[in-house]
Amino acid sequence: VRVHVNVLLTNATKVGKTSLIMSLVSEEFPDEVPLRAEEITIPADVTPERVPTHIVDYSEAEQSDEQLNQEISKANVICIVYSVNNKKSIEKVSLLLNVLILLSGHRVPLILVGNKSDLVEHSSMETILPIMNQYSEIETCVECSAKNLKNISELFYYAQKAVLHPTGPLYSPEEKEMKPSCIKALTRIFKISDLDNDGILNDNELNFFQVRAVFFSCLHTQTCFNIPLAPQALEDVKNVVRKNMSDGVKDNGLTLKGFLFLHTLFIQRGRHETTWTVLRRFGYDDDLELTQEYLFPLFKIPPDCTTELNHNAYLFLQSVFDKYDKDRDCALSPDELKDLFKVFPYMPWGPDVNNTVCTNEQGWITYQGYLSQWTLTTYLDVQRCLEYLGYLGYSIIQEQESQAAAITITRNKRIDLQKKQTQRGVFRCNVLGARGSGKSGFLQAFLGRNLAKRIREDRKSYYAISTTYVYGQEKYLLLHEVLPDFEFLSEADLACDVVCLVYDISNPRSFEYCAKVYKKHFLDSKTPCVIIAAKSDLHEARQYYSLSPLDFCRKHKLHPPQLFTCNTDEAPSKDIYTKLTTMAMYPHMTQADLKSSTFWLRASVGATVFAVLGFAMYKALLKQR
């Protein structure tokens, strides 16, 4: 948001620049006029746009070219003043324009000001118009009179407007059409506002847009600011489009072409502020780029806390999924996913995502997989999640100050341990093991995949995330495969809620890695550890280690090695993942509790019951949709 506007007035002497400034301040024509007025500031509360405005008077009689350069570098808009009754001052405008445009680097809007209109009966516009058509930097031309105060306030209003609502980024006068960057931004806004993704803004969506973006007020006598439009006003808007183009209205709704036409009309009528209000509400800056403040709102995470999506965020993401799942199969095809991400400047999800979350038989991301990927992004990189929600227009749709409202910061983990309970919904399990021990298979099995599915190396993912149920509570378990470089395990590799140490029972050298990692990093840790005896369908080899895996677990009071294989005809068993989630939720429980068969029975039964209920609800929702 711009905090002030710097206006520079310049040109030859005797054109009335200083008189214009003094007439504005005193509201009367001055009897004596100095060569140059001192810089004045108009307070925000007396300007139409509520922005303080600094007005600088440059006098070539008193000041040097170097001072002019300095003033140009500070100016947001330059007013070139000429006398409408003086042909020489009009002729000097073209010469001065070239100099100012060169010095300002084409970055500052220009306004031509024809002063002393009280001395002539004719307008200078016929003479000035060819000059205006020659320079795209010129925003407008205003004829005024310092003597009878004609258009003085309007002059400085237009100066403010040229800075706050510039034409340049939006429209090309030469081509008489909107610029590509403006079309791109408005197309994204249209797609966000098209809540049912049918390519048309119906009356409800137009009103939704109107309330949030302050729109259409310049097409109807009704003044509309954050108020739904009356039915007749909506019809008037659509009739304006119908009269000018055949494909702007379809099924009584506004098409993208009609939406873009309306904004072109606003600009051509000099109502740039309408389009700029919309653009800025949706996060755009003066260069039609999404601002850093919009994409990355201030968000601080205390130590030992994690980030999760809250209930409203999940509801929003569910609505986005429904919007783009056109065939209602509860999965996003490649085309549907591409359509969803058209409001992004790049494709945020790579091919590895399909090996990170659940997919259907065709390899398309399911509804559950879609929510899981958002949960993963929020947990691992909350700034990236805020950026993505910004592209989707979360703060506009949900009427929030920013997308930071979508994020919950969890309680410090140490407090959870003290209170022996947690409200967290996402738990991280780091999976460690020697090369070839079966870590990748363990991750993929969590997503319901057996060895029949082969993964290309360039699509490999080191994460897998899905839901589990513990005592009837749905929780996300995030598995992270840690690269087996024993000497270079970082704090990030070790920071988690539960640890999985995987070894290949058929490889006699596989368990040694698990034993060394445990003794070096987890022996005195409060993080629960589980040893996974992977590839249990193969012949078990004697491990070349001083203790057998079972004896090692007994010595260190760990749960016995958990047999696991993903070499099955059906989807692998998910019991182990329920156990891992349970251990992550209740790290304070003793190993004796964790070894109790009734403990696991209660957790597993809860998981089974709620998985069945969850599937039933899923099918019911599918029927509704």
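**Helix packing and the sheet beside it**

Modeller: Helix 8 (residues 231–244) and helix 9 (residues 256–268) pack at an angle of about 95 degrees, with their axes 10 Å apart. Axes are lines fitted to C-alpha atoms, for helices over the stretch in contact, and angles run from 0 to 180 degrees between N-to-C directions. That makes helix 8 roughly perpendicular to helix 9 (angles of 65 to 115 degrees count as roughly perpendicular). Helices here are DSSP runs of H or I with at least four residues, strands are E runs of at least two, and both are numbered from the N terminus.

Biologist: Is this predicted or experimental, and what got counted?

Modeller: This is a predicted model: local features need pLDDT of at least 70, side-chain atom pairs count only at pLDDT 80 or more, and totals for chains, interfaces and linings use all residues. Residues are numbered from 1 along each chain as its sequence is written, and side-chain values use heavy atoms, with hydrogens and water left out.

Biologist: Is helix 9 mostly covered or uncovered?

Modeller: Mostly covered, with 10 of its 13 residues buried, meaning under 20% relative accessible area with a 1.4 Å probe, protein chains only. Among the buried ones are Phe259, His263 and Ile267.

Biologist: What follows helix 9?

Modeller: Glycine 270, with a positive phi near 80 degrees.

Biologist: Switching topic: what's the strand order in the open sheet of three strands?

Modeller: The order is 9-11-10, with antiparallel pairing; two strands pair if DSSP finds at least two bridges between them. Strand 9 (200–201) and strand 10 (249–250) are the edges, each with a single partner strand, so one side of each has no neighbour in the sheet. Two bridges join strand 10 to strand 11 (residues 253–255), and valine 249 sits opposite leucine 254.

Biologist: Which strands does helix 9 touch?

Modeller: Helix 9 packs on the sheet against strand 9 and strand 11, and its direction makes about 80 degrees with that of strand 11.

Definitions and conventions
Parallel < 35°, antiparallel > 145°, perpendicular 65-115°, else oblique. Buried < 20%, exposed > 50% of the residue type's maximum accessible area, 1.4 Å probe, protein only. Contact = heavy atoms within 4.5 Å.
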